[in-house]
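Visitor: I would like to see how the words used for a structure follow from its numbers. Please take me through the terms one at a time.

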Amino acid sequence: MLSSGLTLIFSMMGVLNFAHASFYMIGAYFAYTLTGLVGFWPALLLAPLAVGLAGAGFERTALRRVHAFGHVPELLITFGLTYVVLEVVQLIWGRTPLPFDPPALLAGAAFTVVQGADGLSIVLGTAPEALCKVAQCSRFPMTRAFMMLVALLMLLALWLLLTRTRIGLVIQAALTHPEAVESLGHNVPRVFMLVFGSGCALAGLAGVIGGITFVTEPAMAGVVGSIIFVVVVVGGMGSLVGAFVASILIGLIQTLPLTVDKSFADAINAMGGQIGPSTPGWPLLRITLSQAAPILPYLLLVLMLIFRPKGLLGTREG
């Protein structure tokens, strides 16, 4: 969900928006406050709208002034915005996590995987306690199912907007041939402002759902801040489908190795090798795959930049 908004801003506008995760955090905090006033479901719409307006205002008043000077000023001003947002959030809402619980409709389990004597079965919703006492139950939260649904709808809506509407054609043309678009009577700076605001609104929507799924706290932006750039670069610059595929791929890379408690030394010894504490490089060889899981996405990023800089589904710029 976050990579979709960043694809609009980073891949299509060429703006290094290091504050994208901060807009994600603002969406969660705005939704928490609005939920106490109007309820969760109105807040699900109002919070991303407020974040989008804030992002459009930032582009209009600050980012646009440095856009003509290249990527480094854009990087610095968005990087500085992350610290400003963090301090403002801590000043208003404090440093401790907030009790942002999901609504009743999303509080249960979407389905339960039951592994019993008769094999594997799936029970919609929460399985009865009596069944879980005689079988092994694994519940899939409704919040995560809702997150998956919204992510798919977001991808479909963005793809239809950019490829099947006049607005999408103007946006794509403004990013590649701004002078020609201006000569046709379109306001290119306004198009950029709307694109930046829309990307921030998508980040805010991700923050609302992430706030009820994970933990709403000031550190939530730092948790996802770097990995979303990995998703966009690996997927391919300007490719929404590439961002979707890369997000699934990196999710698997981050989670599947956690179940493997074996190291390179174990693999070599299993094939007949003799590796022990006296072997050169032993501290590195004994690192298990589960311990190395957090760095695997960034290793994939390095390999992608070396062997396929345009990403999985991106196109190399001329």
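**Terms and values**

Guide: L252 is partly exposed, because its relative accessible area is 43% and partly exposed lies between buried (under 20% relative accessible area) and exposed (over 50%), with a 1.4 Å probe and protein chains only. This is a predicted model, in which local features need pLDDT of at least 70 and side-chain atom pairs count only at pLDDT 80 or more, while totals for chains, interfaces and linings use all residues. Residues are numbered from 1 along each chain as its sequence is written, and side-chain values use heavy atoms, with hydrogens and water left out.

Visitor: Where is the place of L252?

Guide: L252 sits in helix α12.

Visitor: What counts as a helix or a strand?

Guide: Both are DSSP runs, numbered from the N terminus: helices are H or I with at least four residues, strands are E with at least two. The protein chain has 16 helices and three strands. Of its 318 residues, 42% are buried.

Visitor: Why does T143 count as buried?

Guide: The relative accessibility of T143 is 8%, so T143 counts as buried. T143 belongs to helix α6, whose buried residues also include F146, M147, V150 and M154.

Visitor: Which residues is T143 in contact with, leaving aside its neighbours within four places in sequence?

Guide: They are P102, L106, I209, I212 and T213. Contact means heavy atoms within 4.5 Å.

Visitor: How do you know that the span of helix α6 agrees with its 23 residues?

Guide: The expected span is 1.5 Å times one less than the number of residues. For α6 (residues 142-164) that should be 33 Å, and the end C-alpha atoms are 32 Å apart, which agrees.

Visitor: What makes α6 roughly antiparallel to α12?

Guide: α6 and helix α12 (residues 240-255) pack at an angle of about 160 degrees, with their axes 10 Å apart. Axes are lines fitted to C-alpha atoms, for helices over the stretch in contact, and angles run from 0 to 180 degrees between N-to-C directions. Under 35 degrees counts as roughly parallel, over 145 as roughly antiparallel, 65 to 115 as roughly perpendicular and the rest as oblique. The angle therefore makes α6 roughly antiparallel to α12.

Visitor: Which residues of α6 and α12 meet?

Guide: L152, L155, L158, W159 and L162 in α6 meet L240, V241 and F244 in α12. By class, this contact has eight nonpolar residues, no polar and no charged. Ala, Val, Leu, Ile, Met, Phe, Trp, Tyr, Cys and Pro count as nonpolar, Asp, Glu, Lys and Arg as charged, and the others, Gly among them, as polar.

Visitor: What makes α7 roughly perpendicular to α9?

Guide: Helix α7 (residues 166-176) and helix α9 (residues 188-213) pack at an angle of about 110 degrees. That value makes α7 roughly perpendicular to α9. Their contact divides into eight nonpolar residues, no polar and no charged.

Visitor: What is the hand of the crossing of α7 and α9?

Guide: The crossing of α7 and α9 is left-handed, a term for a near helix turned anticlockwise from the far one by less than a right angle, with clockwise being right-handed. Helix α3 passes helix α4 in a right-handed crossing.
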